[in-house]
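Welcome, and please take a moment to look over the sequence and turn the model around before reading on.

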Amino acid sequence: MKSELKQSDTANFTINGKTAELPVFKATHGPDVVDVRALYKETGAFTFDPGYTSTASCESKITFIDGDEGVLLYRGYPIDQLAENSNFIEVAYLLLNGDLPNPQQRADFEHSITMHTMVHEQLKNFYSGFRRDAHPMAIMVGVVGALSAFYHDSTDINDPQQRLVATHRMIAKMPTIAAMAYKYSIGQAFVFPRNDLDYTSNFMRMCFAVQAEDYEVNPVLSDALDKIFILHMDHEQNASTSTVRLAGSSGANPFACIAAGIASLWGPAHGGANEAALNMLEEIGSVDEIPEYIKRAKDKNDPFRLMGFGHRVYKNYDPRAKVMRKACHEVLDALGVKDEPLLKVAMELERIALEDEYFVEKKLYPNIDFYSGITLRALGFPTEMFTVLFALARTVGWIAQWSEMIEDPNQKIGRPRQIYTGAPKRDYVPIDER
Ligand code: SDX
């Protein structure tokens with residue numbers, strides 16, 4: 001990655017009588033940044049930003065989000081245009097390489113991914129070590145972390161060719177590993193990938209086919225899932241992507257870094273929200289119960305939050321939620337599920353929340369996780385597989401961001417500091433004097 005930081009201004013920062021003249025860099029879109037790397041040396045002070053609400057951890061050219069306007073761009077292309085006109089393989093190529101592929105580039109990339117969809121036969125042994133009722137995300141963390149024990153020939157992060165192979169292996173094997181986690185949880189035999197199917201159809205077949213009969217993928221449903229994967233592929237420096245970058249900054253191999261990203265995504269405040277949002281809708285159960293839950297969500301003494309609402313960056317409607325809502329209706333229509341009760345609850349909950357002054361004042365809008373659960377359940381996935389599907393899609397963003405970090409001339413091992421407010425220095429007290 002070529003750094004293109006252009007100084008547009010200088011910020012003078014004075015503390016304890018010392019002044020630092022800090023360069024300001026201009027962004028293509030979005031906020032400019034103050035380069036505080038010299039702050040500690042010049043003034044002896046650190047910045048303080050728990051949760052990194054105002055901190056840019058890196059320079060990136062992959063994804064841009066405008067939270068106030070509800071804009072999401074992948075390499076400059078609006079997410080709704082990509083979701084409507086493109087497909088998983090093409091968008092994965094775009095995120096990895098920076099531009100949409102020409103027909104030959106797309107064919108070559110798709111062929112390479114297809115040729116890496118199978119996993120080492122011995123990897124299957126990892127599954128039998130888990131209880132049948134293990135959460136599939138626990139299996140994903142374990143099995144993906146174990147990949148570095150099988151693919152030693154693509155763990156040298158300093159070798160661009162090995163990084164490329166690891167990138168394609170990660171993207172290609174995630175559906176196979178995810179489908180195996182699902183099959184294991186329901187006690188069915190693993191289904192091998194097929195080279196004559198596209199990426200998403202292959203995944204659906206590995207999940208839902210059984211050896212006892214042929215399985216035809218419903219193109220309407222696989223197209224909807226393909227769209228859902230595009231929406232989930234990348235999202236700037238979110239918690240799990242930042243985890244992957246931080247793990248990668250120490251030189252850890254890409255498989256271990258992706259396993260760290262999966263672990264972070266699992267949290268209900270992050271990727272686990274789609275599972276939590278569906279469980280919440282089921283708990284609410286009917287439109288009549290909504291006011292009680294809205295009241296609980298506003299009650300500071302009640303830890304309950306409306307899962308699928310709110311976002312660290314979006315203070316407007318999550319543009320992915322709009323596409324997700326449309327895909328949800330398309331899938332339910334295609335399946336003839338007219339009166340899905342949870343959809344009724346979701347739409348009424350959305351309507352009430354968008355009118356309620358608490359949510360309006362705090363700019364809490366539905367995020368991508370609000371409608372994804374209903375859609376994924378209609379596609380046939382159990383609730384505990386929802387975050388696995390999120391991880392499957394986000395692997396493209398994680399690995400693209402990891403590659404960018406490795407190639408970034410400004411990157412070094414991530415090592416934040418702190419403000420210490422613990423006990424002042426003191427001498428040891430022997431136990432008989434305490
Ligand atoms: C994802 O970062 C990403 O990009 C993530 C993601 C991606 O693609 O990678 O977009 C995917 O993680 C989407 C978010 C999914 N999570 C949820 O739906 C869980 C429910 N949402 C909340 O947990 C919360 O909104 C967060 C975690 C998403 C954002 O939290 P912030 O930015 O830290 O905001 P906050 O917790 O400080 O909330 C601000 C205020 C608080 O009230 P006050 O303290 O100011 O009085 O809003 C309230 C919160 O109590 N609030 C909510 C709420 N979310 C925030 N109140 C009720 N219900 C909610 N959902």
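Let us start with the ligand. Among the 24 residues around it, His235, Leu306, His311, Arg320 and Arg394 come nearest; a residue counts as near a molecule or strand if one of its heavy atoms lies within 4 Å of it. Before going further, please note that this is a predicted model, in which local features need pLDDT of at least 70 and side-chain atom pairs count only at pLDDT 80 or more, while totals for chains, interfaces and linings use all residues. Residues are numbered from 1 along each chain as its sequence is written, and side-chain values use heavy atoms, with hydrogens and water left out.

What kinds of residues make up the shell around the ligand? By class there are ten nonpolar, seven polar and seven charged residues. Here Ala, Val, Leu, Ile, Met, Phe, Trp, Tyr, Cys and Pro count as nonpolar, Asp, Glu, Lys and Arg as charged, and the others, Gly among them, as polar.

The side chain of Arg312 has an N or O atom 2.8 Å from an oxygen atom of the ligand. For His270, an N or O atom of the side chain is 3.0 Å from a ligand oxygen atom. Tyr358 places a polar side-chain atom 3.4 Å from a nitrogen atom of the ligand. On its own the ligand has 1,100 Å² of accessible area, and the protein covers 78% of that; accessible areas come from the Shrake-Rupley method with a 1.4 Å probe, and for residues only the protein chains shown count as cover.

The backbone oxygen of His311 lies 2.4 Å from a polar atom of the Lys315 side chain. Lys315 sits in the loop between α13 (290–298) and α14 (319–334); helices (H or I, at least four residues) and strands (E, at least two) are DSSP runs, numbered from the N terminus. Although Lys315 and Asp66 are 249 residues apart in sequence, their C-alpha atoms are 9.0 Å apart in space. Leaving out residues up to four places away in sequence, Lys315 touches Gly67, Asp68, Lys363 and Tyr365, a contact meaning heavy atoms within 4.5 Å.

Another loop, between α8 (199–208) and α9, holds Gln211. Gln211 is exposed, with a relative accessible area of 55%. A polar atom of the Gln211 side chain lies 3.0 Å from the backbone oxygen of Phe190. Beyond residues up to four places away in sequence, Gln211 touches Ala189, Phe190 and Val191.

Now for the helices. Arg163 is found in α7 (residues 160–185) and is buried, with a relative accessible area of 11%. Its contacts, not counting residues up to four places away in sequence, are Asp156, Ile157, Asn158, Trp402, Ile406 and Glu407. In α10, the buried residues are Ser240, Thr241, Val244, Arg245, Gly248 and Ser249. What covers them includes α11 (254–265) and α18 (386–407).

Next comes a sheet. Three strands form an open sheet in the order β1-β2-β3, with antiparallel pairing; two strands pair if DSSP finds at least two bridges between them. The edge strands, β1 (7–15) and β3 (33–34), each pair on one side only. Eight bridges join β1 to β2 (residues 18–25), and among the bridge partners are Phe13 with Ala20 and Gln7 with Phe25. Phe25 also stands opposite Val33 in β3, and two bridges join β2 to β3. β1 and β2 form a hairpin with two residues between them, and Asn16 in the turn has a positive phi of about 50°.

Most residues other than glycine have a negative phi. Arg75, in the loop between β5 (71–74) and β6 (77–78), has a positive phi near 50°. Glu236, in the loop between α9 (219–232) and α10 (239–249), has a positive phi of about 65°.

Technical notes:
A polar contact is a pair of N or O atoms within 3.5 Å; within protein, one must be able to donate a hydrogen and the other to accept it, and residues adjacent in sequence count only if both atoms are side-chain atoms. Buried means under 20% relative accessible area, exposed over 50%, partly exposed in between (1.4 Å probe, protein chains only).
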